[in-house]
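Q: Hi! Could you walk me through the interfaces in this model?

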Amino acid sequence: MNRLGVHALTRRFGGLVANDSISFDVPVEGISAVIGPNGAGKTTLFSMISGFLEPSEGRVVFEGEDVTGVAPERIAARGLVRTFQLAQLFQNLTVLENVKVGRHIRTKAGLWAALARPAWARREEAETERRARELIAFVGLGDQADARAAALPYGQQRLLEIARALAAEPKLLLLDEPAAGLNHDETERLSGIIRRIAAQGTTVLLIEHDMKLVMNTADRIVVLNFGRKIAEGTPTEVQGNPQVIEAYLGGVETPHV
Amino acid sequence: MFDLAYFSQTLVNGLSVGCIYGLIGIGFCVIYNASGIVNFAQGAFVMLGGMITYVLLTTLHLPMIVAGSIAIIVVALLGVLIERIVVRPLWDRNATMFVMILATLAVQIVIERTTLILVGDQPKSIPVFTDLPPIRIGGVSIGYQTLWIIGVSLVLIALLALFFQKTLVGRAMRACSINREAAALQGIPVSRMLALSFALSAALGAIAGILLTPTQFTAFNVGTPFAISGFIAAIVGGFGRPFGAFLGGIALGLAQALAVFGLGSGLKNVAALSVLLIFLFLRPSGILGAAK
Amino acid sequence: MPTLPTTISTNAGLLLRYLPAVLAVGLIAYAIVAGGHFVTLAGFALIYAVFVTGLNIFMGYAGQASFGQNAFAAIGGYASAVLTATYGWPPIPALIVGAAGAALCAVVIGYPTLRLRGHYLAMATLAIGLIVYEVTVQWQSVTQGYMGISGIPPLGIGSWEVTSDRAQLIMLSIVVTLCMASAWLIRNSRFGRAIVALSGSEDAARALGVDVARYKLAAFVVSAVYASLAGSLFVHIVGFVSPEVFGMHMVILGFTMLYVGGIGTITGPLVGAIVINLLPETFRGLKDYQDLVYGAALILLLIYAPGGLASLGNALKRRPSTPIPATAPKGARP
Ligand SMILES: Nc1ncnc2c1ncn2[C@@H]1O[C@H](COP(=O)(O)OP(=O)(O)O)[C@@H](O)[C@H]1O
Ligand SMILES: [Mg+2]
């Protein structure tokens, strides 16, 4: 079974067709990637999959269920969690607290539990704390747990965002350009982290601009250009595709309409 | 028994006060479009328009047209001043919408309290522009001031339309409202547009205040209720659409008049808030749909 | 990095952070011991501390703007006044009815507006402030209009009443301690983290499954309950209520206290309430000037010390070692 099915997704902004009838499947196993030049429509696609943007046409099927038009928080509760192209941290929380918010859908203490602190809520909180510390260590931010998130350098903010998303134990993790703004070493580390996430059973779908990272991380690649899917396959297949080469070598001539 | 004459009279009054709400609502839109800021001091401009005119009439005994013009200019300058000393520093620091709202509300309070200290808490009024007995149509009497309100509002709407469509500055302001970054890239001085929007919005508020004061009165604390009504007008019209706001003002004025007709005058503000909540509930993007 | 200087500056920072709170507690203790005029001042400060603690949950944590907190205080205050003075209810059930009424009112206003951008709620709350004021003036059969309601009994349970000034102050101190403790419990919980998170980024919070509209509404209702409690406390302590008591000045005063004490902190509301209440008498006697001064002070604070006076101190102290990001004021984001 596929984790995610995208069926003829289309999104128009006024006259601009940002996504033009895009279809592909994401299998449960491994790492899939969406690549394409700037403005190709990758973020738009992610926003529709994660419920932040209503598709003009088409359907999104997650775990065999149609989730088109479902609110983002409900989609997240089903196990589909995304990150953002520009890291969106909770500025007024510490690093540790940021990751704890990631446990939101896996926990249930509400206002009364906050005030009364029954035993189950204390246990839940202790477990949240433990998981959050584990994840912070996993992405290499262990010694920054109590720093304010806003005080982290950008590269570490991106890692924190991934730890936070992982705290939700997603079935499918959407990463929007996770390597943007990272230096060479950080990118290497990120690549290792993403592989380990996938190895632990989370399906990863990532957007990447940086061809090198994609080619040695992803198992399958979907290529977008000007809002249309122009190729799909393994890294080797995609690399040899003339349309992809043209898109990436900045061919002015585009395969149009 | 249903009293048709009284009913029609209520509607006429609702229409004229609705025009006032509409002008205030346009004031909200002008600033919002230029900057994304909702100026909670909007009501102060309305109050000051009437109040300054009153002071000029009673102390310097100026003719109405002169006093009114001076009041409009003074209030417009005050708008620019607020933009310079309060809004701009916050804007430059990328302050949040929340801080901006709070700061403009504090400006409203400062103006209100200063006025209280300077002129006292007694309501003031100014004479009607045309001192003739009202025109009677059937059982409905229409005062000249009502005609002034409706007439001036319509002229202002036409002038604003011309300004936004035909003049360079007006088109630049519209460009800012569509996309501020893009406008800046095209060399439009976005920050000057912000000051200008405050001047324009303040002037509109002052005109609304001057038109209205002869039929009611003005006092240091009338600003906030007018700001709320103007804001509701803007929402009903689809926030950010000046002409929608004018229609929204008329709709609100009529709705309020009907509520007063049916339920008594104590419920004027309750009616206005209900309109707001019901509208937000059913159709948050306004009668015409949202701008952008 | 040498460790020693860091440790020292951390200790100094800690001291600086808690100093205002320690001083605040000391002042209240002094008032209880010294008695007299000081007791009244301290009492008002403590009632405002409850009010501002609620404001802080909604504005400091959830980052939303409400200008109608005075309406909730009025609902609580009038419920307590009418039910106890007119109908002879015991104070505690009256207080609970008031809080429930305020909460209900918050839901009616918050539900449609909190799904939308911040200024909708801000304006709707401004309107509810005016409406509740009008209702208290015009619903004469119940509220006795401008005349107000007097003869409101002091707080108490059964035949035991808190009557002496000092006993009232001790009771208020306990109430404020409970309020601050509950604010701390709320802040350091799944609920509290969710509301602080959404003030940082609504999109990111939703992406992690936080139902943003629902949490904002919950925070709004909680803040309304605190405000209502403050209103009830006020009428029982003073023994009298009139429409003017819960006017717009209450809102401006509350904001100023919040910004002076430090928005988004646990002790900020108490510190702010005490500082503002104990400011030179000159401001206090003249009510007209008072609002003017606080309004102007609020503008200056927003521009020059967005994290409150305390943050100004911190910023000056910490500048040499850690640069503070100028664009990220503590607390509120929309
Ligand atoms: N909210 C929006 N309104 C209008 N146009 C948009 C919006 N979001 C994206 N676009 C346009 O859609 C196209 C695709 O954008 P995006 O999905 O962000 O591309 P990518 O992530 O591949 O760089 C771009 O031309 C962009 O300008
Ligand atoms: Mg993108």
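**Chain C and its two partners**

A: Happy to: across the interface of chain C and chain B the rule finds 2 residue pairs in polar contact, both at pLDDT 80 or more (N or O atoms within 3.5 Å; within protein, one able to donate a hydrogen and the other to accept it, with residues adjacent in sequence counted only if both atoms are side-chain atoms). This is a predicted model, so local features need pLDDT of at least 70 and side-chain atom pairs 80 or more, while totals for chains, interfaces and linings use all residues. Residues are numbered from 1 along each chain, chains are lettered from A and ligands numbered from 1 as written, and side-chain values use heavy atoms, without hydrogens and water.

Q: Which element gives the largest share of the side of chain C that touches chain B?
A: Helix 5 of chain C, with 13 residues (helices are DSSP runs of H or I, at least four residues).

Q: How much area do chain C and chain B bury?
A: About 4,100 Å², 80% of it on carbon and sulfur atoms; that is accessible area (1.4 Å probe) lost on being put together, summed over both. C:His119, C:Tyr120 and C:Met123 supply 16% of the area chain C buries there, more than any other three residues.

Q: And what do chain C and chain A bury?
A: About 2,900 Å², 60% of it on carbon and sulfur atoms. C:Arg190, C:Arg193 and C:Leu208 lose the most area in chain C, together 29% of what that side buries.

Q: How many salt bridges between chain C and chain A?
A: The count is 4, taking a Lys or Arg side-chain nitrogen within 4 Å of an Asp or Glu carboxyl oxygen. A:Glu73 and C:Arg206 meet in a salt bridge at 2.8 Å, N to O. Between chain C and chain B the count is 0.

Note on methods: Buried area = accessible area lost by both parts, 1.4 Å probe. Helix = DSSP H or I, 4+ residues; strand = E, 2+ residues; numbered from the N terminus.
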